[in-house]
Amino acid sequence: ILNNNKIQELRSGAFFGLSTLEKLDLRSNMISRIEPGAFLGLGALKKLDLSNNSISCLNGDIFKGLDSLSRLNLSGNMFSSLAQGLFDRLVSLKALEFQTPYLLCDCSLLWLPRWIKDRNVSVKNTKCSYPQSLQGQLIPSLRPELLTCDAPLELPSFQLTPSQRQVVFQGDSLPFQCQASLVAEDMQVLWYQNGRMVKPDATRGIFIEKRIVQNCSLIASALTISNIQPGFMGNWECRVRTSRGNTTRTVHIVVLQSSAKYCAPERVSNNKGEFRWPRTLAGIKAYLPCNLPPSSARAYTGILGEERQAWRYCNPVGLWGEEDYSQCQFQKEVTRFLYVINQMPLNETNVVTKARSLLVYTIDAANLSDKMDIIFMAEMIEKFGKFVEKFKDLGEVMVNMASNLMLADERVLWMAQREAMACTRIIACLQKIAIYRLATAQAFSLTSPNIALEALTVRVNDWNVMTCILFQRPSLERLHGQDRQLTFKCNTTGPFSTYLYKSTIVEASLQLPQSLFSQVVVPGQADDNVYKLYLLGFRNGKFFPSTGNTSLLADGGRRKSVTTPVIMAKIDGISLRVLRTPINITLRRFAHGSDAVSARWNFSLAGGQGGWRSEGCRILESHDNFTTMSCNSLGNYGLLMDLTSADQISPSIQPLHPVIYATSVILLLCLFTIIISYMYHYRSVRVSRKFWHMLVNLCFHISLTCGVFVGGINQTRYANVCQA
């Protein structure tokens, strides 16, 4: 069995030594050529399957030596006819199949019904493809009088490329390719312009390639117009002429003067591939075929890239405008996979399994480079969110999935947010997890390396000052290099010393005042209502990219960046716009900059894209790497700083071990001694000039490597130094 092995040809004697082989399966390969005598040595072979290949040339010598062959399958190949005497060497043949999309039932097959009857051969699953009058009829049931070569001529394949109207500019070059099925020996391919035959003329820039017969089944001709002039405007025709009749394909050429408005040629690269848009007349929509993805991707998605097109519109003023690449396949395998997964339906039987599979896929989220990857992931998280109420484990999977996505590049997340508000949608899904889980529980928490979720129910009568801290703690299971989990811990009674481990790192803290519910309580009346408090903590501000105008938080138009974790507090069912007593938030800075601003994320800014606003927030104090701020409303809190002129408060470079410096000095002295020694004693040292150059270069490069190691091995925190 040799099926699906990408075999392209069978050479003469390829199977010598297999004299006892009885079955040979070569289906679904790429065989296009079989040399005469390819099956010699297979005297005992009884069954041969050559279906679904690219065979177009068949002759009797191919089957030489197959005296015992009783079953032959040639279906799914490219031939359109069978020559008389093709199977004469197959004396034991009893069963035959040769269905192809190009099979032409005409006078060239007139011999076949009589041969089938005389040899008592069973022909199965084989029908005519052409002409239309016989399409779908079984070969054994055909009457001989139906197999004629009378007009009109029908060709199984006849293509003119390009086939659409061509709008070109004076002086451009335009190639044409005409290809047709070879059904008669006297076939000719001729070219016509406006009804007049075109002949090669180098002075006019017209070149016609001579008749080409490809793989015994196709005839082709190429026409190239190298210098298009206004006189070339009109209908250009490829005409196939035979004694049985003629058939044509026509394309119209429009020649424009160079003074007309047009869009300049442009190369566009995006996640659908690279497109070279030609010079296009103003007001015309240009089309290009989609780039073909790998064959494995086409097989998986079931989409043929060659059938789909991208278009781009050249507006009336001669500038490229609207464009559409939606019909084209994504070029990266990751994006294609996420697109396919996103199209699959989810139900209660498969949602948990698919979510866990996708979670494993997001482990490499740091390598995602296309905004569509993040958008597809956000859409999948939204779909999973619909099942959270029924499957509690799904919430943990979604939090870890979102945590992994925070490893993606900031630029990719920014583009995904601007394109489809992907980050905002992910945050909304995380909030819904808390809503569904608190419906059946008093409190719960979820942890992950980059996101922590805490939700609890609070009774107004029992409310007191609450302090919650966000910290990193060692993970019990070290997964994929992420050995710390982001965790919330809330307390209303005493200090946190009993909750914190020795190796924990505090990222943020949040102090909710005692008067938090004072605005919803009627004075003098007891309030026994229960509310739901949600807390979300993010290790950084990647899910809060400012896609709109941030001039409210900039000094002189400078863009600010989030330099702390982001922590969120929300109470379900209460809209507290301005608190009587502000909330105090302490955040750990992981970057150093200037012009610090305390801010709260507003989801309604920039048309729903969201943005940071400093109104209602102020900085109280900064100490070491921590900044304390207060805000008079609930929301998402962070500290923004200008990093373009960042204060360089990086810790001083730690020196290396003294032994490294001592040995490096000794090495450099030795290299220097080698050079000096040779300079003093070069007359007595007999070496070639080439060896001398090698010695000097070796000493120089060793000393340079030593210097770079000693001076740069501890500079890894400076990206510019490492890149240099």
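**Exercise 1. The aromatic cluster**

Task: In this predicted model, determine which residues are linked by ring pairs into a cluster, and classify the pair of phenylalanine 544 and tryptophan 612.

Solution. 
Step 1. The cluster joined by ring pairs consists of Phe538, Phe543, Phe544, Trp601, Phe603 and Trp612.
Step 2. A search of the whole structure returns 21 aromatic pairs.
Step 3. Phenylalanine 544 is buried, at 2% relative accessible area, and tryptophan 612 is likewise buried, at 5%.
Step 4. For phenylalanine 544 and tryptophan 612, the centres are 5.8 Å apart and the planes make an angle of 50 degrees. Planes under 30 degrees apart count as stacked and those over 60 as edge-to-face, so an angle between these limits is classed as tilted. The pair is therefore tilted.
Step 5. Phenylalanine 544 is in the loop between strand E30 (530-538) and strand E31 (561-562), while tryptophan 612 belongs to strand E35 (residues 611-613); the pair thus links distant parts of the chain, 68 residues apart.

**Exercise 2. A second aromatic pair**

Task: Classify the aromatic pair of tryptophan 277 and tyrosine 325, and state where its two members lie.

Solution. 
Step 1. This pair is one of the 21 aromatic pairs found in the whole structure.
Step 2. Its ring centres are 6.2 Å apart, with 65 degrees between the planes, and the pair is edge-to-face.
Step 3. Tryptophan 277 is part of strand E20 (residues 273-277), whereas tyrosine 325 is in the loop between strand E24 (320-324) and helix H3 (333-343), so the pair ties together parts 48 residues apart in sequence.
Step 4. Tryptophan 277 has a relative accessibility of 2% and counts as buried. Tyrosine 325 is buried as well, with a relative accessible area of 9%.

**Exercise 3. Salt bridges**

Task: State how many salt bridges are counted, and describe those of aspartate 61 and arginine 279.

Solution. 
Step 1. The count comes to 18 salt bridges.
Step 2. Aspartate 61 pairs with arginine 89, and their closest N and O atoms are 3.2 Å apart. Aspartate 61 is in the loop between E4 and strand E5 (71-73) and arginine 89 in the loop between E5 and strand E6 (95-97), so this bridge ties together parts 28 residues apart in sequence.
Step 3. Aspartate 61 is partly exposed at 33% relative accessibility, and arginine 89 is partly exposed at 37%.
Step 4. Arginine 279 meets aspartate 172 in a salt bridge with an N to O distance of 3.2 Å. Arginine 279 is in the loop between E20 and strand E21 (280-281) and aspartate 172 in the loop between E9 and strand E10 (174-181), so parts 107 residues apart in sequence are tied together.
Step 5. Arginine 279 counts as partly exposed at 26% relative accessibility, as does aspartate 172 at 24%.

Task: Which residues form a network of salt bridges?

Solution. 
Step 1. The network links Glu9, Arg11, Arg33 and Glu35.
Step 2. Within it, glutamate 35 bridges to arginine 33, with the closest N and O atoms 3.0 Å apart. Arginine 33 is partly exposed, at 45% relative accessibility.

**Exercise 4. Surface patches**

Task: Identify the residues of the positive patch and of the nonpolar patch.

Solution. 
Step 1. Lys23, Lys47, Arg71 and Lys124 form a patch of positive charge on the surface. Lysine 47 is in strand E4 (residues 47-49) and is partly exposed, at 33% relative accessible area.
Step 2. Val685, Val687, Phe691 and Met694 make a nonpolar surface patch of about 340 Å². Valine 687 is in the loop between helix H9 (658-680) and helix H10 (689-712) and is partly exposed, at 34%.

Methods
Residues are numbered from 1 along each chain as its sequence is written. This is a predicted model: local features need pLDDT of at least 70, side-chain atom pairs count only at pLDDT 80 or more; totals for chains, interfaces and linings use all residues. Side-chain values use heavy atoms; hydrogens and water are left out. Patches are made of residues with over 30% relative accessible area and no salt bridge: like charges are joined within 9 Å, nonpolar side chains (Val, Leu, Ile, Met, Phe, Trp, Tyr) within 5 Å. Accessible areas come from the Shrake-Rupley method with a 1.4 Å probe; for residues, only the protein chains shown count as cover. A salt bridge is a side-chain nitrogen of Lys or Arg within 4 Å of a carboxyl oxygen of Asp or Glu. Lys and Arg count as positive and Asp and Glu as negative; His and the chain ends are not counted. The place of a charge is taken as NZ of Lys, CZ of Arg, CG of Asp or CD of Glu. Helices (H or I, at least four residues) and strands (E, at least two) are DSSP runs, numbered from the N terminus. Buried means under 20% relative accessible area, exposed over 50%, partly exposed in between (1.4 Å probe, protein chains only). Rings of Phe, Tyr and Trp (its six-membered ring) pair if their centres lie within 6.5 Å; planes under 30 degrees apart count as stacked, over 60 as edge-to-face and the rest as tilted.
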